[in-house]
Amino acid sequence: MPTPPQRPLDALGLARSGAVVEREFPVAGFERLRDRLAEPTGRARVHMEFRQAGHWPAAKLAAEADVVLTCQRCLGPMQRTLTSESQLVFADAGSAELPEGCEAVGGDPQALDLAALVEDELLLALPIIPQHAAGEACALPSAAKAADDATEAGAMRRPFAGLKDLLKH
Ligand SMILES: [Zn+2]
C-alpha cells in the first residue's frame, strides 16, 4: 500500500496489524541533517517493523542513508553510509509499563511524523568528527595551507610596508 512519504503514520493501527513499512526520503528534505553535510544529496532508506509491546504500539526502526560529509582533517568530501537501528515505543517517556530497552516517542501515535523521526535517528548516527579512514585519500589542504602561509607572511611584511611608507614621507 504505497502512501506519500510525508503522510503521517498511524502507529497504533500498524502495530495492531504487525505491519512492515518501507519508505525512502531524499536527504535534501531533512533540513537539520542537510546543515551537517557537504552536499545535500542521497536518499534515506527506512524499514520499520511494527509490533505490539504490552499495551503500547512499538516498532523496530532501521534507517540507512548515503551522505557526503566534510572530512575535518582535509576538509574534503567523504562518502559515508549512516546507519541506525532503534527499538521505539510510541508513548510518552515516563508512561507506565514501558517495554525495556525501547526509546519512547511521544506525541500522537496515530499521526506519526516518520520523516522527523528518521531525521532524528540519522542525526544521532553522524560521526562526531568525520574523518577519512586509513586508506582513503585524505590530502591535507595544500591550497588552503598555502593561503594561510601567505597570510602569515603578509602579516609579517606589514610592519615593513608601513616603515617603507614612513620613509617615503
Ligand atoms: Zn580527509
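Mentor: Start with a term: two strands pair if DSSP finds at least two bridges between them. Strands (E, at least two residues) and helices (H or I, at least four) are DSSP runs, numbered from the N terminus. The model is predicted: local features need pLDDT of at least 70, side-chain atom pairs count only at pLDDT 80 or more, and totals for chains, interfaces and linings use all residues. Residues are numbered from 1 along each chain as its sequence is written.

Trainee: OK, what order do the strands of the open sheet have?

Mentor: The order is E1-E2-E3-E4-E5, five strands with mixed pairing. Strand E1 (20-26) and strand E5 (103-104) are the edges, each pairing on one side only.

Trainee: Which way do E4 and E5 run, parallel or antiparallel?

Mentor: Parallel, joined by two bridges. Leu88 stands opposite Glu103 in E5.

Trainee: And how many bridges join E3 to E4?

Mentor: 13, and that pair runs antiparallel. E3 and E4 form a hairpin with six residues between them, and Leu75 in the turn has a positive phi of about 60°.

Trainee: What about E2 and E3?

Mentor: They are antiparallel too, with ten bridges. Their hairpin has two residues between the strands, and Gly54 in the turn has a positive phi of about 65°.

Trainee: New topic. Which residues touch the most other members of the largest nonpolar core?

Mentor: Ala11, Ala44, Ala58, Ala59, Phe90 and Val118, out of 35 residues. Such a core is a set of buried Ala, Val, Leu, Ile, Met, Phe, Trp, Tyr and Cys residues joined through C-beta atoms within 7 Å. Buried means 20 or more other C-beta atoms within 10 Å of a residue's own, with C-beta atoms placed from the backbone.

Trainee: Which element gives the most to this core?

Mentor: E3, with eight residues.

Methods. A residue is buried if 20 or more other C-beta atoms lie within 10 Å of its own, exposed if 12 or fewer, and partly exposed in between; C-beta atoms are placed from the backbone.
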